[in-house]
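This report describes selected features of one protein model. Please keep the sequence and the structure in view while reading.

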Amino acid sequence: MRIILTPLSENDFQELTPLITNEEVRKYLGGVRPVEDTLNGWRDCIKAENVYPFTIRLKNSNAAVGLVILAPHHNPEDMEVSFLLLPNQQGQGYAKEAVEVLHSFCKQELRLTHVVSETQTANTRSRRLLEKLGYKIKTETERFGEKQTIYHLEI
């Protein structure tokens, strides 16, 4: 394992700002967002009950490379896994490792039996990763003006 997950803190915000401002990262997430709005949302995540945001860090350098979050899904009976990686860190397997660590947290710490993950249907890279991790398509819907695929994983 080349990464570690640390609870998201305000100290991480500067390193993770490209997750908000980079057009490639935001392509399937509604586009670039105002930085202060997102930082306020992250502050809310840190304080919220039943929301678990983690910074993905490289073990060898402690550099932040992304976020992985477990939070209630739009349908509140499910918990949703989400992930974002900095543009220069994509395609190196870090998201896969981070989600696997998060799955262990879900099972061991929270005693969850399953999770979901929702992505724009057009986001083929995220869809491939979810399928590689064993997620199965549960349903499709339209949300935020785009077709979404909702995946399900028994853990």
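This is a predicted model: local features need pLDDT of at least 70, side-chain atom pairs count only at pLDDT 80 or more; totals for chains, interfaces and linings use all residues.

## Aromatic pairs

A pair of aromatic rings is described by the distance of the centres and the angle of the planes. Three aromatic pairs are found when the whole structure is searched. In one of them, the ring centres of Y52 and F105 lie 5.4 Å apart with their planes at 65 degrees, so this pair is edge-to-face. Because Y52 belongs to strand β2 (residues 52-58) and F105 to helix α4 (residues 94-108), the pair ties together parts that are 53 residues apart in sequence. Y52 is partly exposed, at a relative accessible area of 24%, and F105 is partly exposed as well, at 22%.

F105 also forms an edge-to-face pair with F54, with 5.4 Å from centre to centre and 75 degrees between the planes. This pair again links distant parts of the chain, since F54 sits in strand β2 and F105 in helix α4, 51 residues apart. F54 is buried, with a relative accessible area of 12%. Through these ring pairs, Y52, F54 and F105 are linked into a cluster.

## Nonpolar cores

The largest nonpolar core contains 25 residues, and I56, V68, V81 and Y135 have the most contacts inside it. Two or more residues of this core come from each of β1 (3-7), β2, β3 (64-72), β4 (79-85), α4, α5 (124-132) and β7 (146-154). Helix α4 provides the largest share, six residues.

Leaving aside residues up to four places away in sequence, I56 touches I3, I4, L5, A63, A64, V65, G66, L67, V68, L84, L85 and A98.

## Helix α3

Helix α3 (residues 35-47) has 13 residues, which at 1.5 Å a residue should span 18 Å. The C-alpha atoms at its ends are 19 Å apart, in agreement with that expectation.

Which residues of α3 are buried? They are T38, L39 and W42. Viewed down the axis of α3, the buried residues fall within an arc of 100 degrees, so they line one face of the helix. An α-helix has 3.6 residues a turn, so residues three or four places apart point the same way. The buried residues of α3 pack against α1 (13-16), α2 (18-21) and β3. On the other side of α3, D44 and K47 are exposed.

## Cysteines

A search of the whole structure finds zero disulfides. C45 takes part in no disulfide, and the nearest cysteine sulfur to that of C45 belongs to C106, 15 Å away. Seen from C106, the closest cysteine sulfur is that of C45; because the two are 15 Å apart, they are too far for a bond, the cut-off for a disulfide being sulfur atoms within 2.5 Å. C106 is buried, with a relative accessible area of 0%.

Technical notes: Residues are numbered from 1 along each chain as its sequence is written. Side-chain values use heavy atoms; hydrogens and water are left out. Rings of Phe, Tyr and Trp (its six-membered ring) pair if their centres lie within 6.5 Å; planes under 30 degrees apart count as stacked, over 60 as edge-to-face and the rest as tilted. Helices (H or I, at least four residues) and strands (E, at least two) are DSSP runs, numbered from the N terminus. Buried means under 20% relative accessible area, exposed over 50%, partly exposed in between (1.4 Å probe, protein chains only). A nonpolar core is a set of buried Ala, Val, Leu, Ile, Met, Phe, Trp, Tyr and Cys residues joined through side-chain atoms within 4.5 Å. Contact means heavy atoms within 4.5 Å. The expected span of a helix is 1.5 Å times one less than its number of residues. The arc is that of the directions from the helix axis to the C-beta atoms.
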